[in-house]
Amino acid sequence: MFEWMVWTVPTALVFAGLALLLVAMAVWARLSPPVARRGFLRIETDRGDRLYIGLISAAVVLAGWIAVTDLSMWLALGCALLVVVVIGIWG
Amino acid sequence: MTEVGEEPRADLKRRNNRAWWLVLPVVVSVAFTAVIPLMTVVNFSVQDVFTPSDRIFVGLEWFRSITRDPEVRSAFVRTLLFSAQVLLLEIPLGVALAVCMPRRGVWVSVALVLVALPLLIPWNVVGTIWQIFARGDIGLGGWAVNHVPGVDFNYTLDSTDAWITVLVMDVWHWTPLVALLAYAGLRSIPEPYFQAAQIDAASAWATFRHIQLPRLRGVLTIAILLRFMDSFMIYTEPFVVTGGGPGNATSFLSILLSKIAVGQFDLGPAGAFSLLYFLFVQILCYVFFTVLTRSGR
């Protein structure tokens, strides 16, 4: 049935991770409702906004990395996760 | 970090949230029309697919080759340049047109219909119109440029001419949208503002600069957003008029992408290309959306 979608294990893991992240955020919002505030991004964001901005920034880091350097992508992934965490906490 | 205080959503828990189920049809339709196809694109972008059962996992190789491809890089710069020129021409022209349009009387409807006319024409027809119009031998516009000022104009051979043709075509097609948005914005300014300006003996320019322009801020943000996104993703019109040529002169990102995906059937690189294109458009959308919705706070 999903043969045409040509799934691979890595992409399936990525999407499962994203789905889990969304569910986790929904549960977290249920337990303690998000509060909007201002951080170094200078705009009012709640934690969902910061997660979105963080993930998009992580994608930019990965794309920029692969465009300019041949260094390991694992290093890039580390930087990208760092960006997500930094924006999530102080953004 | 400063706390901005209690947000309305803080009392999400105490409300009855069953109305959220009404969103379900949208979620289902978006899943089938956007999310599932996008997941498939992601899957294609990390593999070399010959048939669904005969495929090789290549990791991020397509992303590496696409981001380093000089043709893709130059198409990216070209598309950005085109969008910038479109905005620089269409926004001032549209505002000027809106200011010149009559504010009341029978001519309002006439002006609105005339201005809106280009918007009603299907995109590929716009392309066909301009393909003929700009031709030096049988096209009115092309013939006039060749014979009246005596400039040698041929959009099928000269890359500057091709660029100008596509740009003028876009201005002709889409300035009306900016004009209509700006006109709606101008019409919403209460009359007393103009009366006050008149009492102060303000010049037409001062009235425009200090009353009309500040009040157009909202609609112009929308106009810039719409025109940027549309021109950045332009495909049909240049495809019909120039086909991306001569050479690569008018091959914008979408034209190059469809050449890779449909022409060469390289679905892996095309998938990687699409995702990067999507990422860029997504970022711009978010920035514009943030500016649009949060600038008041």
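Visitor: Leaving aside its neighbours within four places in sequence, which residues is L256(B) in contact with?

Guide: Welcome! In this predicted model, L256(B) is in contact with E71(B), V72(B), A75(B) and S251(B). These pairs are called contacts because their C-beta atoms lie within 7 Å.

Visitor: Which residues touch the most other members of the largest nonpolar core?

Guide: L256(B) turns up again here, together with I66(B), L257(B), A272(B), F273(B) and L276(B), in a core of 27 residues. Two or more residues each come from α2 (47-68) of chain A and from α1, α2, α3 (70-100), α12 (253-263) and α13 of chain B. The element that gives the most is α13(B), with 7 residues. There is also a second, separate core of 13 residues, including V95(B), A179(B), Y183(B) and A223(B).

Visitor: How many residues of chain B are in contact with chain A?

Guide: On the chain B side there are 33 residues, in contact with 25 residues of chain A. At least two residues each are supplied by β1 (2-3), α1 (24-45), β2 (47-51), β3 (54-57), α2 (61-67) and α13 (267-294) of chain B. The largest share of that side, 7 residues, belongs to α13(B). Sorted by class, the side has 17 nonpolar, 7 polar and 9 charged residues.

Visitor: Why is R227(B) called buried?

Guide: The cut-off for buried is 20 or more other C-beta atoms within 10 Å. R227(B) has 23, so the residue is buried. Its place is in helix α10 (residues 217-232) of chain B. Not counting residues up to four places away in sequence, R227(B) touches V86(B), L87(B), E90(B), W174(B) and V178(B).

Visitor: Why is R42(A) counted as exposed?

Guide: An exposed residue has 12 or fewer C-beta neighbours. R42(A) has 8 inside 10 Å, so the label exposed applies. R42(A) sits in the loop between β1 (37-38) and β2 (44-45) of chain A. Its phi is near 70°, a positive value in a residue other than glycine.

Visitor: How do you know that A201(B) counts as exposed?

Guide: The reasoning uses that cut-off of 12 or fewer again. A201(B) has 7 C-beta neighbours inside 10 Å and therefore counts as exposed. The residue is found in the loop between α8 (191-199) and α9 (204-215) of chain B. A201(B) has a positive phi of about 55°, although it is not a glycine.

Visitor: How do you know that the buried residues of α5(B) line one face of the helix?

Guide: The buried residues in α5 (residues 123-133) of chain B are V126(B), G127(B), W130(B) and Q131(B). Looking down the axis of α5(B), they fall within an arc of 135°, so they line one face. As background, an α-helix has 3.6 residues a turn, so residues three or four places apart point the same way. The buried residues of α5(B) pack against α7 (159-187) and α11 (236-241) of chain B.

Visitor: What makes β2(B) and β3(B) a pair of strands?

Guide: Pairing calls for at least two bridges. β2(B) and β3(B) have 4 bridges, in the antiparallel sense, and therefore pair. Q47(B) stands opposite F57(B), and T51(B) stands opposite D54(B). A hairpin of 2 residues joins β2(B) to β3(B).

Visitor: What pLDDT does chain B average?

Guide: The average for chain B is 89, and 94% of the residues score at least 70. Over residues 1-6 of chain B, pLDDT stays under 50, and the model has 9 contacts for them beyond four places in sequence. For the complex, the predictor gives an ipTM of 0.92 and a pTM of 0.84.

Terms used: Residues are numbered from 1 along each chain as its sequence is written. Chains are lettered from A and ligands numbered from 1 in the order in which they are written. This is a predicted model: local features need pLDDT of at least 70, side-chain atom pairs count only at pLDDT 80 or more; totals for chains, interfaces and linings use all residues. Two residues are in contact if their C-beta atoms, placed from the backbone, lie within 7 Å. Ala, Val, Leu, Ile, Met, Phe, Trp, Tyr, Cys and Pro count as nonpolar, Asp, Glu, Lys and Arg as charged, and the others, Gly among them, as polar. A nonpolar core is a set of buried Ala, Val, Leu, Ile, Met, Phe, Trp, Tyr and Cys residues joined through C-beta atoms within 7 Å. The arc is that of the directions from the helix axis to the C-beta atoms. pLDDT is the predictor's confidence in each residue, from 0 to 100.
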